[in-house]
Amino acid sequence: MLHSLIRLTAPALGAAFLLSACQDAPGGATPETPTDMDATHSQAPDLLARALTLTPPVAEQRPVTIEQLGRTRVDEYAWMRDDDWQQVMRDPSVLRADIRTHLEAENAYYNQVMAPTEALHQRLYAEMRGRIKEDDSSPPERDGPWFYYTRYREGGQYPVYARRAAGEDGAMTGEEQILLDGDAEAEGIEYYQLGAVEHSPDHRWLAYAVDTAGSEFYQLRIRDLETGQDIATLTEESYGSMEWANDSQTLYWVWRDENNRPRRVYRQAIESTDRELVYEESDPGFFLGVGKTDGNSWIVLQASDHTTTEMRLFDANDPGAEALLVSARESGVEYSLTEAGGRLYVLTNQDGAVDFKIMSAPLDDPRRENWRDFIDHRPGVLVTSLIGFENWLVRLERANALPRLVVRQLASATEYEIAFDEEAYALGAWGGYEYAVDRLRFSYESPSTPTEIFDFDMASRERTLIKRQEIPSGHDAGDYVVRRLIAPARDGEMIPVTLLYREGTPLDGSAPVLLYGYGSYGITIPAGFSTSRLSLVDRGMIYAIAHIRGGMAKGYQWYLDGKLDRKHNTFNDFVDAGRMLVAEGFTSEGRLVAHGGSAGGLLVGAAINQDPSLFAGAIAAVPFVDVLNTMSDPSLPLTPPEWPEWGNPIEDEAAYDYILSYSPYDQVSAQAYPHVLATAGLTDPRVTYWEPAKWIARLREMRTDEGLTLMRTNMGAGHGGASGRFDALRERAEEYAFALMSAGLADAEAAEAAAAAE
């Protein structure tokens, strides 16, 4: 594992930044007729009844005929894509006038529909904020003479990066030195997002990346920590990641091209305007990243798509080092490097190791020909990451949809597992800045248990709780029930489903369910703790996470079985998980709300096309719903990198036909749908704003019932929505207000909250 990937969050790769015994109602059953669904809407509660009297915007149709691979399709809303979209990402004010008018009309309609829930929205927001310790801080991490940490101040939206000296007794001492004050830096700026923040090895300098538009073009700035002043802006076109060489004067950083793709890696002295190009990627399908091995021996330059890796190493002690190619890219072969005990350990899937094996190589010459097997491949046990120390190698594994930590002492070759008891939980682990230590830091949480952070002595096996997530408004884990269920899929596979509900929630089919899923890129939604979702659970909803194919909950094969020409498994699993919850009496048909974002928004769109009668509502956040058009446009930032995930419909007829068969925009049909809310970010480079805009326009035009079809566009943000922590909570509270309204749980409380606010 690379240093930078352990101790900070870098910009994520990927698109778009969590059946039963009732055999007469399979997940793929024919949806009920429009007449049945119309009857459901006609019995809508007051908030919905009022909303259905309002007139939505009608998007103009300007049909464009697209000829591709001998096939023809018509896109009546293609005009919503601004031809100058690259500039819009950098400067939203240049958006074409007719597109802006339409998006603003959609926002106005959304505001009109949701206006009666405003008091409920504020109540939800207040609850969510009340569960956050506003003046919270991270546990300090020691790096030689300093302890580094981040904290938030009361009422602050953005983090404060700070440090304090390490005393002779090993404890923090002296006054705090603020390195970077996010609140002060963001003053007067609508959008402010930090990428990597890295202090130099000699502790004199701070390199940090900041995005002020949501487009993910980061300015890369250097701050003198002795004066507190910025001395340079190396670029305004950074990818947001960087790494220091050991001389504390040289920085490796990644440059984005005009299509928002990371294409080059530069090496630059921080007080020089000259930059040295050390690598340029010619394949638009590959992403670039930089990091450093755990023992600080090598700078690592990684080029990768979703299934293939190629790494080059630079001697971290030589600011003019030449690149060492570790192993040339081989389609379908992935690998990563971890320094431990004077060697490099290679986590790889080569030689058919589907769930990955571990190999070992000399630290000074880790080229492919020097790799040797270390821990064999174990089918069904996915090794997700490694952490290296001078005397220890730690691996994070997943088996049977649950994570585990395994600690290995390198000298004795003995190892043991750190055990946990709950039915469903999530783990994280990191090594910190220091290498020659016996301390591992890890986090534990479950849907009912707030995050706990432990320092673990790998030699004595003693764990010390150093931080427990505080819930200022109060929280008793005993008030909640966590369940791990298994849903039989229609093809015989078994889908893990995690449930959270409040003790006493009726399990007689009357409770509504929010069903969340993702299911792409191998990303696994953990069974973790969320303060926000308690606002749903406390109101009688059951919160469910479907660990569907396309993620890696049950190993790497689980991912392979949910991509390319097996992508339908992802959508079928989600629907089948919902159908299981109905068959087992947790809820009833038409009482579920589907929720997913980005590629999870694709999941939501495909699920409601397949089985609309299952759902009362659907929330698709920045949804990747125009799959065929996007995968056919190689100019878009993520299209070439995404072909290994979805297929290339420009060249491959089978890929074209398969993508067409599930693309939510293309598969909207004349049928009844649940109430739908889609969100978008105008400067989003991952899922461009026009995808949800087009989808909502077509959905509204095609649906045969009178259900709600809403869209909310953040006109000053990108893929992640609002940048401040409280502003982001407001957006989540709006989504949850819509979920409660769709499920019929909002009326009485909205009226009560409105009366209380008067």
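**Close-up 1. Glu462 and its surroundings.** Glu462 is found in strand E29, which covers residues 462-468. Please keep in mind that this is a predicted model. Which residues does Glu462 touch, leaving aside those up to four places away in sequence? The contacts are Asp455, Phe456 and Asp457. Lys567, by contrast, lies 105 residues from Glu462 in sequence, and the two C-alpha atoms are 44 Å apart in space.

**Close-up 2. Strand E33, a buried strand.** Here we turn to strand E33, made of residues 542-546. Because 5 of its 5 residues are buried, E33 is largely enclosed by the rest of the structure. In a regular strand, side chains alternate between the two faces of the sheet. In E33, Ile542, Ala544 and Ala546 point one way, while Tyr543 and Ile545 point the other way. Whichever way they point, all of these residues are buried.

**Close-up 3. The pairing partners of E33.** In which sense does E33 pair with strand E31, parallel or antiparallel? E31, residues 494-502, pairs with E33 in the antiparallel sense, over 4 bridges. To find your way along this pairing, look for Val497, which stands opposite Ala546 in E33. Strand E32, residues 513-516, also pairs with E33, here in the parallel sense and over 4 bridges. A handy landmark for this pairing is Val513, standing opposite Ile542 in E33.

**Close-up 4. Helices H5 and H17 cross.** Helix H5 spans residues 97-114 and helix H17 spans residues 725-742. The two pack at an angle of about 55°, and their axes are 12 Å apart. With that angle, H5 is therefore oblique to H17. The crossing of H5 and H17 is left-handed. On the H5 side, Tyr110, Val113 and Met114 take part in the contact, and they meet Glu734, Ala737, Phe738 and Met741 in H17. Sorted by class, this contact of H5 with H17 has 6 nonpolar residues, 1 charged residue and no polar ones.

**Close-up 5. Helices H6 and H18 meet.** Our last stop shows helix H6, residues 118-130, packing with helix H18, residues 747-757. Their axes are 7 Å apart, and the angle is about 85°. That angle is why H6 counts as roughly perpendicular to H18. Which residues of H6 take part in the contact with H18? They are Ala119, Leu120 and Arg123, and in H18 they meet Glu749, Ala750, Glu752, Ala753 and Ala754. By class, the contact of H6 with H18 has 5 nonpolar and 3 charged residues, with no polar ones.

Terms used. Residues numbered from 1 in each chain as written. Predicted model: local features only at pLDDT ≥ 70, side-chain atom pairs only at ≥ 80, totals over all residues. Heavy atoms only, no water. Axes fitted to C-alpha atoms, helices over the stretch in contact; angles between N-to-C directions. Parallel < 35°, antiparallel > 145°, perpendicular 65-115°, else oblique. Left-handed = near helix turned anticlockwise from the far one by under 90°. Contact = heavy atoms within 4.5 Å. Nonpolar A, V, L, I, M, F, W, Y, C, P; charged D, E, K, R; others polar. Buried < 20%, exposed > 50% of the residue type's maximum accessible area, 1.4 Å probe, protein only. Pairing = 2+ DSSP bridges.
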